[in-house]
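Let's take a walk through this one together, from a helix and its surroundings to the charged pairs.

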Amino acid sequence: MIMNKIFKISLMILVFFSSCNKFLEEEPASFLTTDQYYKTEDQIQAAANGTYTGLNMPFSGEITVAASPVYALEYITGYSRRPRPSGGADDQFLLLQNIENSNNRFETWWNSTYIPIENCNSFIANVSQTTVVNEEKKNRFLGEAYFLRAYYYFRAVRLFGSIPLKTEPTQNLDNILIGKASIDDIYAQIVGDLQFAENAGLPWTDKSGRINLAAVKGLLAEVYMTMAGYPLQKGVSYYQMAYDKAIEVINSGEYSLFTRYADLRDAAKNNAGEHILMNQRDQRNATSIIHFNFVPYPEPPEPVSVIPNFGGAMAPTLAFYNSFASDDLRKQEKQFFYNVKYVGDAAGKLNPFIYKFWDDAAEETSRSGANFSLMRYADLLLLCSEAKTMIDGGSTGDAAGVDAYYAVRSRAFPGLPRPASISTDEVLKERYWELCFEFHTWFDMQRTRKAFDVEHNRIVDLIGFK
């Protein structure tokens with residue numbers, strides 16, 4: 001439906017300009033085409049920067065208060081609530097009913113796919129032919145673009161299923177009517193793009209926040225995990241490939257878990273340590289919606305927020321919050337959550353809200369420039385453990401797999417003895433707790449077709465679970 005709208009708009013524009021050609025006889029004086037661009041290294045760098053736009057597009061704010069398309073990925077899981085009253089678009093995901101094709105959340109996700117993919121396609125086509133930069137720099141630039149194209153397609157195929165597959169830039173209106181590709185073909189393109197990026201000479205880390213080798217291998221691990229599960233169900237060989245890629249990152253020694261959860265919120269530790277890939281934000285020009293949208297509504301926490309009325313987008317359900325053990329450090333005050341009095345509930349009642357992404361600096365400036373982690377080392381460790389349990393039939397005593405799980409678990413429970421073996425269900429529950437509200441849970445539920453029955457502390461089949 002959305003693609004049809006785009007095609008109709010494109011044709012309307014073409015008709016309009018055709019009918020007005022008498023007014024447009026003068027050649028434009030300042031229009032740049034791609035054959036006039038990519039002439040200097042600065043231009044190539046600027047074009048490379050343009051391929052990153054899709055990382056942030058789903059995090060865009062909307063005219064309505066504390067609303068963003070990205071929140072739908074947590075609403076649909078059933079583990080979050082929206083304290084602030086919501087509109088119809090959000091209610092469809094919160095209530096899991098009457099989800100319409102016209103829901104505008106879909107349009108943002110669609111645009112967040114094909115606008116940046118067009119940038120990637122144009123960049124790859126033009127920079128592949130350039131002699132402006134040496135081969136080493138050119139390959140690194142291309143490695144970033146190939147990774148990002150794979151990232152956008154991976155996100156989109158999990159959201160929409162079969163979609164158009166386009167790997168060439170649009171030159172005219174002749175190649176915009178594209179049919180759907182099979183899910184198999186889309187995943188083959190994703191893997192091919194990531195394999196190119198893997199061999200493009202990218203560094204293991206990049207403090208500036210650009211694409212690095214660990215992000216490439218980490219995404220490959222997640223792609224293989226997804227291909228092993230639903231809907232493709234490629235099975236054990238793909239779990240093995242996922243495990244192998246995760247082990248490569250682990251054995252690189254370039255990343256490690258932070259010792260304190262507070263370090264996840266420390267701007268000085270951005271793009272390093274546990275953060276493999278982050279959505280880059282800037283307090284002045286590219287602010288983050290997360291901090292102010294997650295504060296309670298209508299009463300802010302202490303210290304009082306400068307602009308508290310942005311809040312109320314998301315909070316954990318009480319059942320999910322209670323699924324954390326009482327001695328889990330993540331549940332302690334001002335770690336992943338904090339408790340405040342909320343006027344929408346009974347007087348004096350404390351309710352949990354999300355503290356995981358709290359931005360202290362925003363309290364002084366009224367603008368949040370906090371980065372948001374798109375891929376954490378904890379995520380990769382748990383993917384490694386899960387893959388090995390699936391390879392070994394549902395549980396494993398593999399040292400690397402157990403160690404990866406134990407690293408995440410023991411940070412939450414210091415002094416916890418290392419287990420001799422772990423099960424798939426144990427790892428999946430740890431993913432629900434550790435990665436909560438980071439927009440991974442819905443994708444995990446899709447690929448595993450499992451859900452976390454928080455009231456009974458068990459992993460259950462997703463289909464049929466209420």
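What follows goes through a helix, a strand, the cavities and the salt bridges in turn.

First, the ground rules: this is a predicted model, so to speak of local features pLDDT must be at least 70 and side-chain atom pairs count only at pLDDT 80 or more, while totals for chains, interfaces and linings use all residues. Residues are numbered from 1 along each chain as its sequence is written, and side-chain values use heavy atoms, with hydrogens and water left out.

Let's start with helix H17, residues 441–448. Helices here are DSSP runs of H or I with at least four residues, strands are E runs of at least two, and both are numbered from the N terminus. H17 is mostly covered, with six of its eight residues buried; buried means under 20% relative accessible area, exposed means over 50%, and partly exposed is in between, using a 1.4 Å probe and protein chains only. The buried ones are Thr-441, Phe-443, Asp-444, Met-445, Arg-447 and Thr-448. Among the elements that cover them are helix H7 (135–160), helix H9 (213–228), helix H16 (424–434) and strand E9 (450–453). After H17 comes Arg-449, with a positive phi near 50 degrees.

One of those covering helices, H16, holds Leu-428. Leu-428 counts as buried because its relative accessibility is 6%. Leaving aside residues up to four places away in sequence, Leu-428 touches Glu-386, Thr-448, Lys-450 and Ile-459, where contact means heavy atoms within 4.5 Å. Ser-385 is 43 residues from Leu-428 in sequence, yet their C-alpha atoms are 9.5 Å apart.

Now for strand E6 (residues 372–376), where five of five residues are buried. E6 pairs with strand E2 (residues 275–279) in the antiparallel sense over four bridges; pairing takes at least two DSSP bridges between the strands. In one of these, Ser-373 of E6 is the bridge partner of Met-278.

Where are the holes? There are four cavities of 30 Å³ or more. A cavity is a set of points on a 1 Å grid over the protein atoms alone where a 1.4 Å probe fits but cannot get out, and lining residues have an atom within 4 Å of a point.

Last, the charges. Side chains of opposite charge can pair when their charged atoms come close. The structure holds 36 salt bridges, each a side-chain nitrogen of Lys or Arg within 4 Å of a carboxyl oxygen of Asp or Glu. Asp-90 meets Arg-82 in one, at 4.0 Å from N to O, and Arg-82 and Asp-90 are both buried. Asp-90 also meets Arg-105, at 3.0 Å from N to O.

Asp-184 and Lys-234 form another bridge, at 3.5 Å from N to O. Asp-184 sits in helix H8 (residues 183–198) and Lys-234 in the loop between H9 and helix H10 (236–252), so the pair ties together parts 50 residues apart in sequence. Asp-184 is partly exposed at 40% relative accessibility, and Lys-234 is partly exposed at 32%.

Definitions and conventions: On a 1 Å grid over the protein atoms alone, a cavity is a set of points where a 1.4 Å probe fits but cannot get out, and a pocket is an open set with protein on both sides within 12 Å along at least five of seven lines; lining residues have an atom within 4 Å of a point. Grid points are joined across faces, edges and corners, and a volume is the space filled by probe spheres set on the points.
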